[in-house]
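Please look at the sequence and the structure below.

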2 protein chains.
Amino acid sequence: LKEGRRKAFQELMEELQPYDMAWQYKEIPEKHRYKFLAYMTIEELTDLMGELDQDDQLDVLDRLGAKRSTKVLDLMENDELASFLTDLEPEKMKELLGDMKREESQMVQDIMNYPPETAGRLMNNRFVWIKKHYTIGEAVDKLKEFAELAEYLNYLYVIDEERKLVGVVSYRDLLLAEADEKIEDVMYGRVVKVEVTEDQEEAAKLISRYDFVSLPVVKEDNTLAGVITVDDIIDVVIQEANEDIERLSASGKDIDFSTKPLVAAYRRLPWLIILLFVGLVSGGIISGFEGTLDAVVALAFFMPMIAGMTGNTGTQSLAVVVRGLVQEDLTFKQTARLILREFWVGILIGITCGILITFVAFFWQGDLQLGLVVGSSLLLTLIIGTLAGTIIPLILYKLNVDPAIASGPLITTINDILSLLIYFGIATTFLINLS
Amino acid sequence: LKEGRRKAFQELMEELQPYDMAWQYKEIPEKHRYKFLAYMTIEELTDLMGELDQDDQLDVLDRLGAKRSTKVLDLMENDELASFLTDLEPEKMKELLGDMKREESQMVQDIMNYPPETAGRLMNNRFVWIKKHYTIGEAVDKLKEFAELAEYLNYLYVIDEERKLVGVVSYRDLLLAEADEKIEDVMYGRVVKVEVTEDQEEAAKLISRYDFVSLPVVKEDNTLAGVITVDDIIDVVIQEANEDIERLSASGKDIDFSTKPLVAAYRRLPWLIILLFVGLVSGGIISGFEGTLDAVVALAFFMPMIAGMTGNTGTQSLAVVVRGLVQEDLTFKQTARLILREFWVGILIGITCGILITFVAFFWQGDLQLGLVVGSSLLLTLIIGTLAGTIIPLILYKLNVDPAIASGPLITTINDILSLLIYFGIATTFLINLS
C-alpha cells in the first residue's frame, strides 16, 4: 500500500473475506486509510462497512466523499443500514437518506419503523423472488441477472400475482430440474415464515428448529417483505444469551472489554444502589430482632450461611427457568408441573442440607436446640428460596413484564429478607419464648 | 392414520419438515407408532431420527426391525449418529455399528475418537467434494448424482490428487459459469477451515464472523475430513451460553423443564453442599469477632448489606469477563487494560456507595463513627470484590483450568469472606481498640 501498488492491493482484497478486510483496515495507520479506501471497489467497500462499528462507518463515509458513499449506502444490506442509521443524529440521517436511491431509502425507513427486536427489523431485501408461472430456465436467468443479491442464500422465494408468498425453490432444485419445467411444479409450498411484527426470538427458534439458511418475512396480508439470514440469527442468539446473563448478574447493558471505566460504572450503579437500600431492609429486620441476637450471639454465626444458601438455590432455579424459556414456550399445565417439580427439588435439597447443618451446628456450638433451630430454618428457607426463584420469573413472563426485573440479585435479595425473617422468627419462638 | 390411509399419510409426510414430523410422532398414541413408522420412507425416518432424543431414537430403531434400522443408521448424519451412539452401552453400540456399512461405521468411529467439544466431533460427511481439474459440467453432474448429500449446503469443496483441500465453489458460481470452464479457474482459493482437533468454539467464531453456511474441517495434513454446518453451530452457541449461565448460577449441568425432581436435586446439591461449608467459614470469622459484635450489636445490621453488595459487584464483573471471552481472545496487554478498567470501576462504585451508606448509617443509628466504619468498609470491599470477580476467572482462563470453577456463587462466597474480614477488621480497630 505504501508503495502505491494498486494492482497487487486489489488482487489481495478480492481474496479477502469482509471480516479480514475490516481487520486490515483497522490495523493500518490513519494516514494510509484514504488510499486504502480509494483502491477498493464499491462492492468491497459495502462489505467493509458491514463489519465496522458506527464510529468507523461514519469515518469511512466521510473519507469516501458524497458520491461514492451514496453508492455504498445503496448497496448495503438494509438491516445493517437500518441499525447504522438508527442511532445517528436526525439531521445526519436525513442527509444520508436524501442522497440515496428512492426505493432503497424507502425500504430502510420501512425497516426502521418496526419496533426493535422484531423480525421486520432484522430482514433485508438482498434476495431474489420469482413468479410461480416462470420456467426453471427463466428463474435461472433471473438469478444470474441479480447474482449480487443472491450471494448468501440458497433459495429463491416464489410469489403470485399479488406478491403473496406461495413457495420456495432451492438452488439445488434449479440445478436438478429440466429447463422447461414450471416453478409451480418443483416448488415447495409449505413455506415456514414469520410476520414482520413477530419477536426476533421467534425467528431464531424457527431457523434453529428447521436448520434453515434463510427465513422469509411476510406482512399481515402474506405479501413478501424480506428475508432474515442465518448469520443475523447467530447474532440474535448471542444477544439473547447476553441479555439473560445481564439479567442473572444485573451487570447492566452493553458492557464489553472496550467500555470506558466511567461508562461501565455508570451502567452498573443503578442496580447496586437499589440493592444497597434493599440490603438495608435486611438490616432493619435484624435490628428488629436485636433482643434475640443479644441473647444468643451465636445466631449471627449462621446468618451469612443461611442467607447465602437461600440466595444460591434461588439463583439456580432462576437460571433453569430463564434458559428454559429461551427454547420452549410454556403451557399452563407445563408451568404447574415445573412449579411442582421445583417444590420437590426444594424439599429434597432442604432435607439434605437441613440435616447436615443440624449436626454441624450441634457439634460446633454444643447446643442441640440451636442446631435444630438452624437446621429447620435452612429446610424451610431452601424450599421457599427455590420456589421464589421459580415463581417470580414465571409470573413476570406470564404478565409480559420485562423479565429483566427478575434479575439474579433481586431474587437473592428477596430471599435474603425471607430467610432472615424465617430464621429469626424460628429462633425467637424456640430459643427465647419457650426457654 | 387410524383408517390406514397410507397414501394421504405419505403425501402429508412429504410436505412436513423434520421437526414437525418428530412433533407429530411424539403426539400420536403409542399403539399407532408402528404404523406411523411403517408408512415412512427411509429418508423420512432418517430426518425423524435427527430430531428425537436418545430414548425415542432407541425406541424407533426397535420398532423398525434390524433391516430398516440399519439403512436408517447408514443414512444419518455422522455427527448426529456419533452423539446418539456415544452414551449407549458398549454392547448395543457394537451391535449397531456392526450392522452398518463398513465405511459409514468407520467414519462414525473416527468422529467418536475426537474429544468432545472439538470440531472433529461436530463434522459430518454429508457434502460433495470435486477435484480441481473437473469442468463445471462434470461438477454439476456429480452434484446431481449425490443430491441427497448436498441438501443443506451451498458450496462444493475442491480437493487435489492427495485429497488436500484447495478451494471452494458455491452452487451460485456453478449456475453462473459456463459448462466447459474449469473448476480451478472459478474456485475460491483462500478457504477458511478448522482442524479436527480445534475447539468447537473456534468453529463457531469462524462461522459467525464470516457468515458461512458451512465450514470445512481438515486433518493435520490438510486433507478434507468433513464439514460443519451452521445449524450445528447455532446449537454450539446455545450450548456455550448455557454453560456460561450454569457457571454464573452454579445450577448444575443439563437441567431443563423435563428433568425429574430427584435428578435435578442430585445435580444441584454438590455445589450447594460445598457452599454450605464455605458459608460456615463466614460464620467462623464472625465468631472470631464475637467480642466486637457483642460490644456493638448494630454492626450486625449492616452485615448482610456489605456482604451482599460485594457479592453483587463481583458477579457483575464475572459476567462481563465470561461473556467477553466468548467473543474475543485476550492478549496480555488487553488483560492488563481490563483489570485496570475494573479497578477504576471498583473505585467509582465504591466511592459512590460508600458516601451514600455513611450518611444512611449516621442518620439511622445516630453514630458518625459507625457511619464512617460502614462507609469505608463498603468502599474497600467493593474495590476488592470487583477485582476478585475480574481476576479470578482471568487467571483460570490463562491457566486453561476449566472455568466452571469460577462460578458465580464461588466468587460470591469468596467476596463474602473477604468483606466480613475487612468490615470486622475496620470495626474492631476503630470502634473497640481506639475507643
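Which residue takes a positive phi in the hairpin of β2(A) and β3(A)? A:R163 does, with phi near 65°, and the hairpin has five residues between its strands. The structure is a predicted model, in which local features need pLDDT of at least 70 and side-chain atom pairs count only at pLDDT 80 or more, while totals for chains, interfaces and linings use all residues. Residues are numbered from 1 along each chain as its sequence is written, chains are lettered from A and ligands numbered from 1 in the order in which they are written, and side-chain values use heavy atoms, with hydrogens and water left out.

**The hairpin and its surroundings**

Strand β2 of chain A covers residues 155-159 and pairs with β3(A) in the antiparallel sense over five bridges; two strands pair if DSSP finds at least two bridges between them. Strands are DSSP runs of E with at least two residues, helices are runs of H or I with at least four, and both are numbered from the N terminus. A:V158 has A:G167 of β3(A) as its bridge partner. Strand β3, residues 165-170 of chain A, is mostly covered, with five of its six residues buried. Buried means under 20% relative accessible area, exposed over 50%, and partly exposed in between (1.4 Å probe, protein chains only).

A:T223 lies in the loop between β5 (214-218) and β6 (224-229) of chain A. Beyond its neighbours within four places in sequence, A:T223 is in contact (heavy atoms within 4.5 Å) with A:E162, A:R163, A:K164, A:V217 and A:V218.

A:A82 belongs to helix α7 (residues 78-86) of chain A. Setting aside neighbours within four places in sequence, A:A82 is in contact with A:V108, A:I111 and A:M112.

| Residue | Relative accessible area | State |
|---|---|---|
| A:A82 | 1% | buried |
| A:T223 | 12% | buried |

**The interface**

Contacts link 114 residues of chain B with 113 residues of chain A. The buried area, which is the accessible area (1.4 Å probe) that two parts lose on being put together, summed over both, is about 10000 Å² between chain B and chain A, and carbon and sulfur atoms give 71% of that area. In chain B, B:L175, B:F257 and B:R268 lose the most area to chain A, together 9% of what that side buries.

Two salt bridges are found across the interface of chain B and chain A, the rule being a side-chain nitrogen of Lys or Arg within 4 Å of a carboxyl oxygen of Asp or Glu. A:R268 forms a salt bridge with B:E342, with the closest N and O atoms 2.9 Å apart.
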